[in-house]
Amino acid sequence: MNFIQQLHQAESLNDSLLCVGLDPEPAKFPVGWKGDAARIYDFCAAIVDATKDLVNAFKPQIAYFAAHRAEEQLERLIAHIKRVAPAVPVILDAKRGDIGSTAEQYAREAFERYQADAVTLSPFMGFDSVEPYLRYPDKGAILLCRTSNTGGNDWQMQRLADVPGQPRLFEHLARLAETEWNKNGQLGLVVGATFPAEIARVRELAPSLPLLIPGVGAQGGDAEATVRAAGRSGPVIVNSSRAVLYASAGEDFAAAARRVAQQTREQLNRARAG
Ligand SMILES: O=C(O)c1cc(=O)[nH]c(=O)n1[C@@H]1O[C@H](COP(=O)(O)O)[C@@H](O)[C@H]1O
């Protein structure tokens with residue numbers, strides 16, 4: 001089963017558009033584990049166990065593990081997800097982007113070492129920096145397109161004078177990802193929930209692609225506007241990390257995470273139905 005099929009399966013099994021982002025910060029762990037990087041696996045596994053029937057994907061952010069020398073805990077965590085939630089795809093958020101020979105190593109890291117089902121990539125270095133990931137036919141490659149941060153304006157909103165119609169950079173990328181770059185149907189796009197108008201524009205240009213939409217919850221993106229803008233022509237993955245992970249700093253953190261995940265899933269489903 002490839003990444004797109006996995007997404008469809010998890011969305012219908014769990015009736016969910018919600019992806020829980022796994023961005024562990026030991027300083028925010030519950031009392032008893034606070035500040036203890038050796039608990040990264042335990043913390044994230046508890047979140048996974050509490051939300052695995054509510055999500056269409058999990059998205060671990062590699063920096064939160066690597067910063068604490070916790071790559072081995074990330075390997076164990078992904079293996080845990082595969083064991084307890086085999087239908088839920090894992091998107092490794094690594095935002096890699098480098099020349100082909102180095103990209104081969106990054107692809108190997110994401111798909112062979114960590115066994116991720118998809119990876120986030122920066123497309124800034126062009127198609128030859130993306131191509132090595134596409135040699136893994138069942139895996140997904142999700143390209144940054146219109147990111148949730150304000151600095152995204154610096155590049156992504158600029159117009160390309162040399163391209164017919166002078167599209168903005170993010171529009172040009174969305175069109176390429178839907179068409180000539182998408183050799184085997186493995187590509188997806190990242191579009192921030194903080195910019196619903198651009199989500200709608202990306203959906204227009206890339207009707208079939210999975211859209212990974214971070215920015216609801218802690219970044220204040222509008223969950224309902226996001227789902228309406230993303231439409232129903234392709235898969236939608238709405239990520240929330242901190243709002244779920246740190247819903248409570250007490251011993252009830254996993255139950256609190258479940259409550260927030262449940263509320264967010266329902267909010268997204270209402271918007272989809274409405
Ligand atoms: O690729 C991403 O996941 C991503 C892209 C983007 O434009 N904005 C963005 O916030 N992210 C990631 O999505 C997560 C958002 O976390 P919260 O703001 O805590 O929900 C973080 O892991 C970010 O690195």
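How many of the five residues of strand E1 (residues 18-22) are buried? In this predicted model, five of five are; a residue is buried if 20 or more other C-beta atoms lie within 10 Å of its own, exposed if 12 or fewer, and partly exposed in between, with C-beta atoms placed from the backbone. Residues are numbered from 1 along each chain as its sequence is written. Because the model is predicted, local features need pLDDT of at least 70 and side-chain atom pairs count only at pLDDT 80 or more, while totals for chains, interfaces and linings use all residues.

**Figure 1. The whole protein.** The protein has 11 helices and eight strands; helices (H or I, at least four residues) and strands (E, at least two) are DSSP runs, numbered from the N terminus. The C-alpha trace spans about 60 × 45 × 35 Å along its principal axes. Of the 274 residues, 49% are buried.

**Figure 2. Strand E1 and its neighbours.** Leu18, Val20 and Leu22 point one way from E1, Cys19 and Gly21 point the other way, and all are buried. E1 pairs with E8 in the parallel sense over three bridges, where strands pair if DSSP finds at least two bridges between them. Leucine 18 is opposite valine 238 of E8. E1 also runs parallel to strand E2 (residues 57-60), joined by four bridges, and valine 20 has phenylalanine 58 of E2 as its bridge partner.

**Figure 3. Helix H7.** Phe170, Glu171, Leu173, Ala174 and Ala177 are the buried residues of H7. They lie on the same side of H7, because they cover an arc of only 165 degrees around the axis; the arc is that of the directions from the helix axis to the C-beta atoms. These buried residues pack against E5, helix H6 (153-156), E6 and H8, with two residues in contact if their C-beta atoms, placed from the backbone, lie within 7 Å.

**Figure 4. Helix H8.** In H8 (residues 196-205), Pro196, Glu198, Ile199, Val202, Arg203 and Leu205 are buried. Their cover includes strand E5 (140-146), helix H7 (169-178), strand E6 (187-191), strand E7 (211-214) and helix H9 (223-230).

**Figure 5. The shell around the ligand.** Thr147, Ser148, Pro214, Ser241 and Arg242 come nearest among the 19 residues around the ligand; a residue is near a molecule or strand if its C-beta atom, placed from the backbone, lies within 6 Å of it. Strand E3 (91-96) and strand E8 (236-240) are the elements that give two or more residues to this shell.
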